[in-house]
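Please read them with the structure open.

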Amino acid sequence: MLIMGQNSGRGLQEFLNYIGGKWTKSKTGKTFQVSNPANPSQILGNFQLSGREDVQEAMKAARDGLKRWATTPAPQRGKILYRAARILDELAENLSKTLTMEEGKTLKESEGEVRRAIDIFLYYAGMAPNLDGKNIPSAHQRTFLYTKREPIGVVGVMTPWNFPIAIPAWKIAPALVCGDCVVFKPASLTPLISHYIIEALDKASLPPGALNMVTGPGREVGEEIIGSPEIDAISFTGSTEVGHRINRKIAAGKKFVRIQLELGGKNPAVVLPDARLEDVVPLIKSSAFGLTGQACTATSRLIVHESIKDKLVKRISEEAEKLKVGNGLLPGVEMGPAVSEDQLQKDLDYIELGTREGAKILVGGKDGRKDPETHGFFVRPTIFDEVHKDMKIAKEEIFGPVLSVMTASNIDEAVELANSTDYGLTAGIYTTNLSNAIDFADRVDAGVIKINKSTVGLEYQVPYGGFKQSSAQTFKEQGQEAIDFYTRIKAVYVGY
Ligand code: NAD
């Protein structure tokens, strides 16, 4: 597969920044390496370790590009997105393999994510001819009132490593269709897959400056984007800690910058006695351990009614024990590695902490192992029983395959436990009692509620965003609602 890089000797490809429609090296002259978490000695490429000057150049290119892109008729912008979607579609098989090699998720999970990114491009391309305003009746005679949507301007996009093609897609596609120009900084663990989005849009004849990509450290590249005088809006997905940092920096700045911050989660799944356990077991297994637990929407707290707890937990534990962990490219593997050595260590530290806090390990544990041959960052799926809501493993985001089990004696207690963290991203309930299901949906403090469905998995046409510490709660992502973030509304009064 062709990638816009250069061979940097020793057969290793060097990947470039994309600024003003050109592939360019960083002015720092430095690069960083990206490797396969299932086999860390496999280096996937060298990427630009960019600095502040590179960002400044990209921000200027975006500002210059705005003159042309913002005035390109929306249906034409949509056609470019369609072309990019077709290019990505042709590459889908290779993209999925690349995603597995770079992030570690299984091939099946990668195929799902790549398909989703393509669908997102198609969805927003289709929205292009419908970026409408309103006609509003005037209180005065011979007056015509209307509103129109305009691009917000230059948008900084910063994304995490766990969905490194889908999340950039769900930010970049609506931004471009709305006529904004983007400066994109992908996560440093996974910049390779992000390259393909840029490459597809470049080949689809996106004009220079509409999309720019600068790779490098968040503290330098990200902060320079946020502090740039050219910035009009920031769409960030990542940790709550960095989200707060960005929020503080914007608030302290001299300019009003529109922000969208989608952050961490600690998602509960409640199981009531009338739930169909044969459905619940596979759904909890995939929600807690699928994607190696590295989904912001993963189920990390299982809140079970006391009357069925032993039976349910035994069945989930048996499934977790059997789960095949390994290189996500291999057939039969159900759970890939942690994304990095740091993430592996974080998982193991929390597992040790849970034991110290007094929770009881049912499955897994801290003997997370590097594969003796490949030294991959593998960790075992782990289930803690007897977890109390005040324990750190019940409150803090681990972002690994660690499930904490808590017991409730009725729906009120279950709702209280579900709401007992600072986060509020997704929440699930398993029950055949409609009244309890809707009551839960009303009372639980989360932006997405799943009834008899996995807490993981979102549809792109539905607005998405968390509550509490999971989001700045300014604007929703995805669906029609994304357009509200990427446009501003102008009211026009016409006397005739
Ligand atoms: P992170 O916050 O460390 O980094 C996210 C992005 O921000 C990366 O590109 C990073 O380089 C950049 N960054 C880091 N420091 C920065 C700074 N000071 N200024 C600007 N940019 C900076 O998060 P991560 O480890 O990449 O991702 C995991 C986190 O993302 C988890 O907390 C997870 O819950 C969250 N997440 C949330 C959602 C959601 O939709 N709510 C989706 C996926 C992941």
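1. At 11% relative accessibility, E150 counts as buried (buried means under 20% relative accessible area, exposed over 50%, and partly exposed in between, with a 1.4 Å probe and protein chains only). The side chain of E150 meets that of R488 in a salt bridge, with 3.0 Å from N to O; a salt bridge here is a side-chain nitrogen of Lys or Arg within 4 Å of a carboxyl oxygen of Asp or Glu. This pair links distant parts of the chain, since E150 lies in strand β8 and R488 in strand β23, 338 residues apart. R488 is partly exposed, because its relative accessible area is 42%.

2. On the basis of these notes: this is a predicted model, in which local features need pLDDT of at least 70 and side-chain atom pairs count only at pLDDT 80 or more, while totals for chains, interfaces and linings use all residues. Residues are numbered from 1 along each chain as its sequence is written, and side-chain values use heavy atoms, with hydrogens and water left out.

3. Which sheet holds β8 and β23? They belong to an open sheet of 3 strands in the order β7-β8-β23, with antiparallel pairing. Helices (H or I, at least four residues) and strands (E, at least two) are DSSP runs numbered from the N terminus, and two strands pair if DSSP finds at least two bridges between them. The edge strands, each pairing on one side only, are β7 (134-136) and β23 (487-495). Neighbouring strands are turned by 25 degrees against each other on average, direction ignored; axes are lines fitted to C-alpha atoms, for helices over the stretch in contact, and angles run from 0 to 180 degrees between N-to-C directions.

4. Strand β8 (residues 143-151) is joined to β23 by 9 bridges. Y146 has V492 in β23 as its bridge partner. On the β7 side, 3 bridges join β7 to β8 in the antiparallel sense, and I136 stands opposite L145 in β8. The hairpin of β7 and β8 has 6 residues between the strands, and R142 takes a positive phi near 50 degrees there.

5. A second open sheet has 7 strands in the order β16-β17-β18-β15-β14-β20-β21, and its pairing is mixed. Its edge strands are β16 (360-363) and β21 (448-451), each of which pairs on one side only. The twist averages 25 degrees from one strand to the next.

6. At the β16 end of this sheet, β16 and β17 pair in the antiparallel sense over 3 bridges, with D385 in β17 as the bridge partner of K360. β17 pairs with strand β18 (residues 402-408) in the parallel sense, also over 3 bridges, and T382 stands opposite V402 in β18. How do the side chains of β17 (residues 382-385) point? T382 and F384 point one way and I383 and D385 the other, and all are buried. In a regular strand the side chains alternate between the two faces of the sheet.

7. At the β21 end, strand β20 (residues 426-430) runs parallel to β21 and is joined to it by 4 bridges. A427 has I449 in β21 as its bridge partner. Helix α14 (residues 434-443) packs on the sheet and touches β14 (267-271), β20 and β21, its direction making about 165 degrees with that of β20. Contact means heavy atoms within 4.5 Å.

8. R443 is partly exposed at a relative accessible area of 34%, and D439 is partly exposed at 25%.

9. L434 is also in helix α14 and is exposed, with a relative accessible area of 64%. L434, I438 and I451 form a nonpolar patch on the surface, with about 270 Å² of accessible area together. Patches are made of residues with over 30% relative accessible area and no salt bridge, like charges being joined within 9 Å and nonpolar side chains (Val, Leu, Ile, Met, Phe, Trp, Tyr) within 5 Å. Accessible areas come from the Shrake-Rupley method with a 1.4 Å probe, and for residues only the protein chains shown count as cover.

10. A search of the whole structure finds 29 salt bridges. One of them joins the side chains of E113 and K105 at 2.5 Å, N to O, and both E113 and K105 are buried. Elsewhere, R63, E230, D232 and K255 are linked in a network of salt bridges.
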